[in-house]
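Keep the 3D view open while you read.

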Amino acid sequence: MPKYDFKKIEKKWQKIWAKNKYKLWAASAPLRGASASQGRRKFYVLDMFPYPSGDGLHVGHVEGYTASDIMARFLRMNGHNVLHPMGWDAFGLPAENYAIKKKIHPSIVVKNNIKRFKNQLNSLGFSYDWQREINTTDPEYYKWTQWIFLQLFKKGLAYEAEVPVNWCSSCKTVLSNEEVADGVCERCGGKTERKNLKQWILKITAYADRLLSDLESLDWPERVKEMQRNWIGRSEGALIKFSFSCDRIYYGDLEVFTTRPDTIAGVTYMVIAPEHPVIEKLKSKIRNWEKVAAYIKSAKSKSEKERQQEGKEKTGVPLDGVYVINPWNKKEVPVWIADYVLAHYGTGAVMAVPQHDERDREFAKKFDLPIIDEPLLPKEEVIEKLGAKKTINYKLRDWIFSRQRYWGEPIPVIKCEKCGNIAVPEEDLPVKLPQVKKYEPTGGVESPLAGIKKWVNVKCPKCGGAAKRETNTMPQWAGSCWYYLAYLMREVSNFQFPISQYQNVFKHWLPVDIYVGGVEHAVLHLLYARFWHKFLYDIGVVSTKEPFAKLVNQGLILGPDGQKMSKSRSNVVNPDDMVEKFGADSLRLYEMFMGPLEDVKPWDPRGIIGPHRFLARIYNFGRDKKTGENEAAVRLVHKTVKKVTEDIKNFHFNTAVSALMIALNDAEKLETLSKDFYKTYCKLLFPFAPHLAQELWSLLGHKTLLDEEKWPEWDERLAEEESFELIIQVNSKTRGKLTAHRGIDETNAKALAMTAPGMNKWLDPSKIKRIIFVKDRLINFIVES
């Protein structure tokens, strides 16, 4: 038998695809009048934007990219106009930190990383439309990121304010809550602290209700939708005023948001956030100030995420000498500070009712605070009597958008002492990053750009006076908020103004039909992208309310030790090694065969051997077979086509691979096979193992590429099993099972049932009163008892 030389086969077809400049996989451009798109349904199949790290691809990337590639190839063969592009989310801290460490400019680091990533993707046979390739660090790309920011600014949705932020003393920049764990930066491992800094902020809260309600229209995993619902955290309640009392003297009011006004009679203490401004006002009345001040300092070192973690041990300190008066019963209750209360959620204060709230009860038990059993009150009665104000609250916070680093999109704002913050005119976009040798953080709270006087000092576009550029840059999330639109803009022009020229192409391709990526992006990227898209919808740029119609999450692939892959654990599996040893098709097939796409799965070093051997069997299959018609082979073809087709449509790739394996096993037992069997099998294999399938297709004498071939169809009658398991019941209790030919009638089913082993024990033909017969399923004899 010839050797399955996968290296030779894969290099051969990759060279042919590259020679074609990947045009085979380019979506037809209907807005340019391309006739190929006429009457074909569009499908926009998109992978989540990868950051091109210096480590290159890992096998987790390969899983998601293989899934989307299977779907893209399948849809093309089904006659659809498929857009399946790829690009690079290349701004951000990782590239900059690496550049500083290695003393290489970030632009060079990114360029080298992209080259490696792209080579790896092509080595795996992914069918991307490379004509639409994009890069967030390209000034022509980020001028549009800046343009969108300016539209937000003009609508009052981008503003400056002094806010508490997570500050990494090592990275010298602000971090989001999600970038901090256990008080340390997830990027560098350095300690973080809370600081009050003036920051640019995007008003995502203005879209909270729509971000919540429009989730219902999306074909997304329910757990992702629930994560977004919880992150937005909409709650209806009321604002109730309590009065401060120190030595029974009135010291102002404390407004409290509660969703349970009906529990007010059971309030036994009050908890306020360590950052609450009222604490400083009451400082002179707090008898244990040193202890309170130490607790406040400790709370500042923790991220909000840590402070609200489920199961976290409750901590707190009383404000000795400070009380509030319950407005319902006029009782005096003590006031505490605790880090689980956040200053910006609600009013930064919680009325604690331990009898009706688990968290309050845990806190009360730990600190020996009273728990009283008071009856619940009608909510409306409490609100009316106390003059409380009904209100809606959200956990969602506005998006802190500033970063004090070099490697990011410059914020297109000019600061003028006379005119304030002025938008950079559209004709002056992009505001380019200056090419500099020194880009390390300053050590203070300013961006490295602040020290580049030639770049910073400009004239005010409004008054012509002396002014300065904004020196903070945008976060890494900015460029990925709209990248799915950038691929479409490539169809019209190379990112030129005005925006109006792109609206028709947006209308044609949006929304993204299938979006594939990890569940770790459930909140930040997906929420930010939805926010920007809704804003663009409001200003007439796009015509859909949502960017991504269907979301598919691939599960995490764990290391061979069952733990998350990381360099520190030395358990990272490099796909390059797998391709070198077993081939790209084997790696693709194994990752799809490991289990359901959405499941978490451990990598088994021996697991890839089976799929590799399976492909070798396919390569040599049929060389000793006679060619001819065979009814069993015909039925096998139709049954396999149906199974693989339905499984691909439902993203059940593991069972589709299993069906291909079963079909090969069954075919090997047959003496003759028709050429149609080989042709069909090649087509079914193609989305999973494109190199081998294309090689076998050419060996069958075909000159075409499989991407251009039509996906096989099946005859439902021939796809059915010839036989089925007939269930035999007596008085509705199963007493036996026999194999029967599909389509058997009641008379023959009765005769067959009588022959079942042991049936004479349960069935006397003379006592049969009636028969219930369900075709192709069961026969039930109702007999005299």
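## Two residues with a positive phi

Start with Lys103, which sits in the loop between helix 3 (93-102) and helix 4 (106-123). This is a predicted model, so keep that in mind as you go. The phi of Lys103 is near 60°, a positive value in a residue other than glycine.

Now hop along to Arg248, in the loop between strand 8 (235-246) and strand 9 (249-258). Arg248 is not a glycine, yet it has a positive phi of about 60°. Is Arg248 buried or exposed? Its relative accessibility is 72%, so Arg248 counts as exposed.

## Two cis peptide bonds

Next come two peptide bonds to look at. As a rule, most peptide bonds are trans. The bond from Leu429 to Pro430, however, is cis, with omega near 0°. You'll find Pro430 in the loop between strand 17 (420-423) and helix 13 (453-456).

The peptide bond from Leu510 to Pro511 is cis too, again with omega near 0°. Pro511 lies in the loop that runs between helix 16 (503-509) and strand 20 (514-518).

The closest cysteine sulfur to its own belongs to Cys463, and the gap is 3.7 Å. A disulfide needs the two sulfur atoms within 2.5 Å, so the sulfurs of Cys419 and Cys463 are too far apart for a bond.

How open to the outside are these cysteines? Cys419 counts as partly exposed because its relative accessibility is 23%. Cys168, on the other hand, has 0% relative accessibility, so it counts as buried.

## Helix 23 and its two partners

Here's a spot where helices pack together. Two packed helices are described by the angle between their axes and the distance between the axes. Helix 21 (residues 631-649) and helix 23 (residues 675-685) pack at about 15°, and their axes are 10 Å apart. Because of that angle, helix 21 is roughly parallel to helix 23. The crossing of these two helices is left-handed. Which residues of helix 21 and helix 23 meet? From helix 21 it's Ala633, Leu636, Val637, Thr640, Val641 and Val644, and from helix 23 it's Phe677, Thr680 and Leu684. Sort the residues of this contact of helix 21 with helix 23 and you get seven nonpolar, two polar and no charged.

Helix 23 also packs against helix 24 (residues 690-699), this time at an angle of about 155° with the axes 8 Å apart. That angle is why helix 23 and helix 24 are roughly antiparallel to each other. Helix 23 passes helix 24 in a left-handed crossing. On the helix 23 side, the contact is made by Lys679, Cys682, Lys683 and Leu685, while helix 24 brings Leu692, Ala693, Leu696 and Trp697. The residues of this contact of helix 23 with helix 24 divide into six nonpolar, no polar and two charged.

## A buried alanine

Now look for Ala529 in helix 17 (residues 524-538). With a relative accessible area of 0%, Ala529 is buried. What is Ala529 in contact with, leaving aside its neighbours within four places in sequence? The list is Cys481, Tyr484, Pro547 and Phe548. Pro547 is 18 residues from Ala529 in sequence, and the C-alpha to C-alpha distance between the two is 7.7 Å.

## The whole chain

Finally, zoom out. The protein chain has 27 helices and 29 strands. Its C-alpha atoms fill a box of roughly 100 × 80 × 50 Å, taken along the principal axes.

Of the 785 residues in the protein chain, 55% are buried, and Ala529 and Cys168 are among the residues that count as buried. As for contacts between residues at least 6 apart in sequence, 74% of them join residues at least 24 apart.

Note on methods. Residues numbered from 1 in each chain as written. Predicted model: local features only at pLDDT ≥ 70, side-chain atom pairs only at ≥ 80, totals over all residues. Heavy atoms only, no water. Buried < 20%, exposed > 50% of the residue type's maximum accessible area, 1.4 Å probe, protein only. Axes fitted to C-alpha atoms, helices over the stretch in contact; angles between N-to-C directions. Helix = DSSP H or I, 4+ residues; strand = E, 2+ residues; numbered from the N terminus. Parallel < 35°, antiparallel > 145°, perpendicular 65-115°, else oblique. Left-handed = near helix turned anticlockwise from the far one by under 90°. Contact = heavy atoms within 4.5 Å. Nonpolar A, V, L, I, M, F, W, Y, C, P; charged D, E, K, R; others polar.
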